[in-house]
Amino acid sequence: MNTHLRFWLGAAALGLALVAGLRLLGNDYGYFAGYFVLQYVVLAGAWNILGGYAGYVNFGAAGFMAAGAYSAIVVRQWLGWDLIPGIFAAAFVAGLLGLGTGYLTLRLKGVYFSIATLCLAVVLQTLVVNWDYVGGSRGAYIIHARDIPPFNSYSEMLFIVMLALAIITTGIGRAVEMSRLGRGLQAIRDNERAAEAVGVPTLRLKLVATTLCGALMGVAGAPLPYYSGYLNPEAAFSLAYAVNAIAMPLIGGAGTWAGPVIGAVLLASLQQAATVTISSALNLWIVGWMLVIFVAVAPRGILGWFRRRA
Amino acid sequence: MSEVFFRAAGLGKRFGGFVALAEVDIELRAGERLGLIGPNGSGKSTFVNCISGDFGEHDGQVTLGGVALGGLKPHRRARLGMARTFQLPQPFNSLNVLENVRVPLLFAGHAAEATDRAMACLEQVEMADKARKLPKELTQVEQRRLELARAIALQPRLLIADEAMAGLSNTEVDQIIALLFKLNEAGAAVIMIEHIMRAVTAFSERLVVFVAGRKIADGPPRDVLALAEVEGAYLGKQ
């Protein structure tokens, strides 16, 4: 069987099994926690396209995610559009933002690029805090229906939407990895000058990667206001997103399509468990320790560790 | 004699107040073997970086096959048939040898037959048996061969070998020279930049000498090496 078909069928089967399992559990918290994990699968997968393959570390994940979340709010306030069109709007806006950022900053290498992306998040946050239309620093409320047939509950619907987004993001990551684009990005990561010298259009590929990365991060953020019912800049631009977006692919195995999925499921589950059992303040503490341990023991992530032994 | 297909006219490059290259004119005929020599810091690498597009801004014009290259990025020049190797091998370290050679082919419109063509290039440099190895598992001379394989995957009309033999043993130098002859016979003009005089004289049909950013000699190797200025530049004036 075609490997692409096998991937999509496998992902769909896994998704259906997840939904069926959570329905059997019959508890809304399952969807809530599942959404939390899956949004990170999307975010980590998005980061991986630029950071994992091309080696450009984006510290601005929270900025792109918030751009997506606020795009969803804007199209709702302005045009009355709901979640799904909001996701498309978020992809468009955050994708453009990625393209623009890429164009302005890709001349910068290494840590300078990273700092520029960090600045982007700060600039955007300042903008949103002072933009009354989307609630400014007070935040914005989104009131949604409690039930939304044919789904059992609104949380189930959100979970299924995020599940679909996670599968699509992972599929895109996998397609990038197996394509010419992925090879070109890897060549850029290894040696940008040599890549250019053998005919790789480095600037164009990097722009494709920043656009794709930005769009998918925006997509990860679009359902956020619907998920929490209320969004303020502090929550949307949370440091946790920026840190997790980097830590998860690194821990799972950056530069592989499955790495971000493994890292996100592992770290987000741990954080969710800690939130419920101990305290949510512990989340970044856990991420920090995990990063330290992995950098020392398995610098190429879980997948890299297994491949080395294989 | 075949006609001129590469021309650098009035080439110059400054770094602040330092003139690295000034008023250099070099023409090359199709399939020609040119040796480029000069003391350290004489502008050889600056010349390569200018014509390959690494330095976007410079004085003068460069044309390849009638196309003016001004403003073109290195990857556009590569696709027009200009390939180079680097002084220090610059492999894609996370990709194996075969994938290293496939990269240029993927972006040159040969995606479908990239693997076959890459293997053919590796066979040309006698590296087919190393196809699955990672660059870091290769010896120095093998890394140089990989550089050449990646360059010839572009089917270049002009190959610039920038100190492709530095640090190699005598036998290894001979192997690389033989390889460059083979590539030249296949149709590529070669600019060899080298400090190993034995290699330059064995290979070149014509010799250009740079001193302090200027071209001071251009002609048949025997004549050029007999010039007093060249001797002076290399051995010091009496």
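**Reading the terms against the model**

Mentor: Let's start with helix α1 (residues 44-52) of chain B, which lies across β3, β6, β7 (158-162), β8 (189-193) and β9 of chain B and runs at about 145° to β7(B). Helix α5 (residues 140-152) of chain B also packs on the sheet, touching β6 and β7 of chain B, and its direction makes about 170° with that of β6(B). This is a predicted model, in which local features need pLDDT of at least 70 and side-chain atom pairs count only at pLDDT 80 or more, while totals for chains, interfaces and linings use all residues. Residues are numbered from 1 along each chain as its sequence is written, and chains are lettered from A and ligands numbered from 1 in the order in which they are written.

Trainee: What do the helix and strand labels, the angles and the touching rest on?

Mentor: Helices (H or I, at least four residues) and strands (E, at least two) are DSSP runs, numbered from the N terminus. Angles run from 0 to 180 degrees between N-to-C directions, with axes fitted as lines to C-alpha atoms, for helices over the stretch in contact. Contact requires C-beta atoms, placed from the backbone, within 7 Å.

Trainee: What makes the six strands of chain B an open sheet, and in which order do they stand?

Mentor: The order is β6-β7-β8-β3-β9-β10, with mixed pairing. β6 (82-85) and β10 (214-219) of chain B are at the edges with a single partner strand each, so one side of each has no neighbour in the sheet. On average, neighbouring strands here are turned by 15° against each other, direction ignored.

Trainee: How do you know that β3 and β9 of chain B pair, and in which sense?

Mentor: Pairing needs at least two DSSP bridges between the strands. β3 (residues 33-37) and β9 (residues 206-211) of chain B have four, in the parallel sense. B:Leu36 has B:Val208 as its bridge partner in β9(B), and B:Ile37 stands opposite B:Val209. β9(B) is also joined to β10(B), antiparallel, by five bridges; there the partner of B:Val208 is B:Asp218. β9(B) and β10(B) form a hairpin with two residues between them, and B:Ala212 in the turn has a positive phi of about 50°.

Trainee: Why is helix α7 of chain A called largely enclosed?

Mentor: A buried residue has 20 or more other C-beta atoms within 10 Å of its own (exposed: 12 or fewer; partly exposed: in between; C-beta atoms placed from the backbone). Nine of the 11 residues of α7(A) (residues 180-190) are buried, so the rest of the structure largely encloses this helix. Among those buried residues are A:Leu185 and A:Ile188. They pack against α2 (28-53), α6 (154-178), α8 (192-197) and α9 (202-221) of chain A, together with α3 (97-106) of chain B.

Trainee: What is the radius of gyration of chain B set against?

Mentor: The globule rule is 2.2 Å times the number of residues to the power 0.38, and the radius is taken over C-alpha atoms. For 238 residues a compact globule would be near 18 Å; chain B has 18 Å, so the two agree.

Definitions and conventions. Contact = placed C-beta atoms within 7 Å.
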